[in-house]
Amino acid sequence: MPKNPSPDTPKWQNDYLCGTGMEMYTETLSSSFVGMSFPQAAELCFVKLKLLLLAIEITSDDGSDSKISINPKSQTKLTPDTQGFFIAQSADEVKRVWYFCKNCHEDIRDEKQIKKCKCKNPPAISVVPPRNGNRQKSPGKVNSMSSITSPGRKHYHTRPTGRGSAGSVNERPFGMMAEDQGKDFDFERTEMKYDSTGMFHWCPARSIEDCILDRNQAAMTVLNGHVVLCLFADKDSPLIGLRNLVMPLRASNFHYHELKHVVIVGNVDYLRREWKMLQNLPKISILSGTPLSRADLRAVNINLCDMCVILSAKIPSSEDPTLADKEAILASLNIKAMTFDDTIGVLTQHESGRDGMSPLGSPIVLQRRGSVYGTNVPLITELVNDTNVQFLDQDDDDDPDTELYLTQPFACGTAFAVSVLDSLMSTTYFNANALTLIRSLITGGATPELELILAEGAGLRGGYSTPESLNNRDRCRVGEISLSDGPLACHGEGGKYGDVFVAALKNYGMLCIGLYRYRDTSSSFEASTKRYVITNPPIDFPLIPTDKVFVLMQFDPGLEYQPNRGERDDNS
């Protein structure tokens with residue numbers, strides 16, 4: 001991280017570089033944290049120690065099993081020797097959480113002065129007994145499910161979920177049900193909606209023929225807020241594992257109606273070979289065509305998509321590495337050169353059918369107005385060769401020798417290279433737990449059981465919902481919160497990052513991890529619409545109303561979408 005930003009470097013790049021210096025570290029929290037809830041510990045770490053606490057390692061009561069819990073709810077209390085996962089600039093900074101002593105460091109304002117103290121008897125944290133009158137736990141034996149309630153504290157996501165206690169489920173052999181559950185359980189009428197682990201949405205296997213659209217069918221389908229996957233592949237190209245891309249978009253901590261439709265534009269003969277691993281994932285359609293055809297791109301409403309991903313399964317030529325990405329780059333430039341009609345109307349429920357459903361069976365929820373220019377289509381292109389990033393943007397001024405992470409396409413999230421995984425491998429070598437955390441964030445969650453199923457090549461298997469499997473839905477996910485409207489909008493004008501961090505954590509249980517800011521913050525007509533990421537800004541970092549905040553948000557049990565719910569209400 002540049003301590004003294006260069007005056008010759010654009011401001012956006014200086015802010016971006018502050019974030020690129022962040023790395024992931026693990027450290028044991030001192031005894032002063034014992035008894036705190038996770039939000040309390042995260043606030044103390046950020047405000048006083050200037051550290052971002054992402055997750056903690058939770059050990060089972062008998063000590064036989066442990067798991068990494070990302071931004072757990074306030075019911076989770078920290079026990080002695082809890083391992084924390086942090087985002088920070090250096091390992092020395094993270095040592096503060098090990099040295100922190102409530103007696104000695106309570107009044108210290110400069111976090112750099114928090115060093116090892118001579119205090120022999122750190123204070124014991126008293127645990128407030130629950131209101132139901134249960135006896136108080138002894139120090140160091142904190143009940144991880146007890147809830148500490150502070151006066152005047154707002155509570156969110158407290159609606160009943162219908163889940164029973166998972167304690168008795170764990171004591172039974174896997175797959176067996178309690179007698180009282182079995183009485184009212186009708187296997188024929190119960191629909192399987194999730195895989196056997198409860199981590200991902202699942203549907204019965206579909207034939208690929210049922211999911212193939214021709215250009216006319218695609219054009220007649222109301223596609224909006226979807227994901228377009230532009231895939232270059234020959235019939236015999238090596239499989240790249242498209243399931244790994246689609247599965248995170250089918251994580252069970254999304255409600256079914258929140259799942260974005262995935263439309264794949266590419267070679268159907270190649271996709272037939274991939275289909276075995278995709279057939280149990282809902283909301284997938286295929287357009288037999290080529291990503292270089294503008295007619296195919298217009299048919300899938302690429303200007304209305306939430307993201308367009310460009311991939312290639314072809315084996316790159318060994319003769320000239322520069323040509324390895326030629327098709328992906330041409331497709332990217334082709335999309336950016338397109339223009340679209342901005343008069344596309346919004347279909348009403350009446351126009352789209354009496355049940356408010358599109359031909360693909362998704363509820364019609366138009367989430368974004370279409371882009372008029374292709375340059376505004378959200379786009380990410382995978383590159384084999386790092387240096388080819390210079391050809392993606394015609395308007396940037398990056399030097400051809402610039403490192404990938406310093407280029408505008410990478411900073412703005414429009415380019416990804418395989419070499420990025422090399423740094424992940426290096427991180428894993430020095431910190432094995434880091435991979436587990438990163439994988440949980442990126443893949444939407446993983447369990448040992450799911451890993452075993454996928455390793456055996458069996459594919460996703462459907463399962464009937466049990467309290468234990470439904471409980472796996474209750475995990476946080478990465479979200480994006482706008483500061484231009486909504487409950488945090490009051491911090492967008494003249495606020496500081498530390499203010500929105502504390503407000504989001506206290507009021508909504510959301511953990512802020514970074515900002516998504518326009519590269520050009522001017523209000524001129526020619527201002528760029530590209531955004532870049534600022535990872536874990538400092539506490540006094542000024543905010544602007546157009547900023548978006550990346551957060552780890554809690555699962556909201558809410559209400560599942562039912563296509564005919566409104567119809568039934570009308571008839572009742």
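A: Lys-73 is called partly exposed because its relative accessible area is 26%, a value between the cut-offs of the scale (buried under 20%, exposed over 50%, partly exposed in between, computed with a 1.4 Å probe and protein chains only). The model is a predicted one, in which local features need pLDDT of at least 70 and side-chain atom pairs count only at pLDDT 80 or more, whereas totals for chains, interfaces and linings use all residues. Residues are numbered from 1 along each chain as its sequence is written, and side-chain values use heavy atoms, with hydrogens and water left out.

Q: What makes the meeting of the side chains of Asp-474 and Lys-73 a salt bridge?

A: The N to O distance is 3.2 Å, and the definition asks for a side-chain nitrogen of Lys or Arg within 4 Å of a carboxyl oxygen of Asp or Glu, so the pair qualifies. Asp-474 lies in the loop between helix H18 (467–471) and strand S14 (477–482), while Lys-73 lies in the loop between S3 and S4, and the two are 401 residues apart; helices and strands here are DSSP runs numbered from the N terminus, with at least four residues of H or I for a helix and at least two of E for a strand. Asp-474, with a relative accessible area of 27%, is also partly exposed.

Q: What forms a salt bridge with Lys-314, with the closest N and O atoms 3.0 Å apart?

A: The partner is Glu-327, a residue of helix H12 that stands 13 residues from Lys-314 in the chain. Its relative accessibility is 21%, so Glu-327 counts as partly exposed. Elsewhere, salt bridges that share partners join Glu-209, Asp-269 and Arg-272 into one network, and the count of salt bridges by this rule comes to 15.

Q: Why are strand S1 (23–28) and strand S3 (66–70) said to stand at the edges?

A: The open sheet has 4 strands in the order S1-S4-S2-S3, with antiparallel pairing, where pairing requires that DSSP find at least two bridges between two strands. S1 and S3 each have a single partner strand, so one side of each is left without a neighbour in the sheet. Neighbouring strands of the sheet are turned by 25 degrees against each other on average, direction ignored. S1 is joined to strand S4 (residues 83–88) by 6 bridges, and Thr-28 stands opposite Gln-83 in S4.

Q: Which strands does helix H2 (residues 38–47) touch as it packs on the sheet?

A: H2 touches strand S2 (52–59) and S4, and its direction makes about 145 degrees with that of S2; such angles run from 0 to 180 degrees between N-to-C directions, along lines fitted to C-alpha atoms, for helices over the stretch in contact. Helix H16 (residues 432–443) packs on the sheet too, touching S1, S2, S3 and S4.

Q: How do you know that H2 is mostly covered?

A: Of its 10 residues, 7 are buried, among them Phe-38, Leu-44 and Phe-46. What covers the buried residues of H2 includes S2, S4, helix H4 (96–99), helix H19 (497–508) and strand S15 (511–518).

Methods:
Contact = heavy atoms within 4.5 Å.
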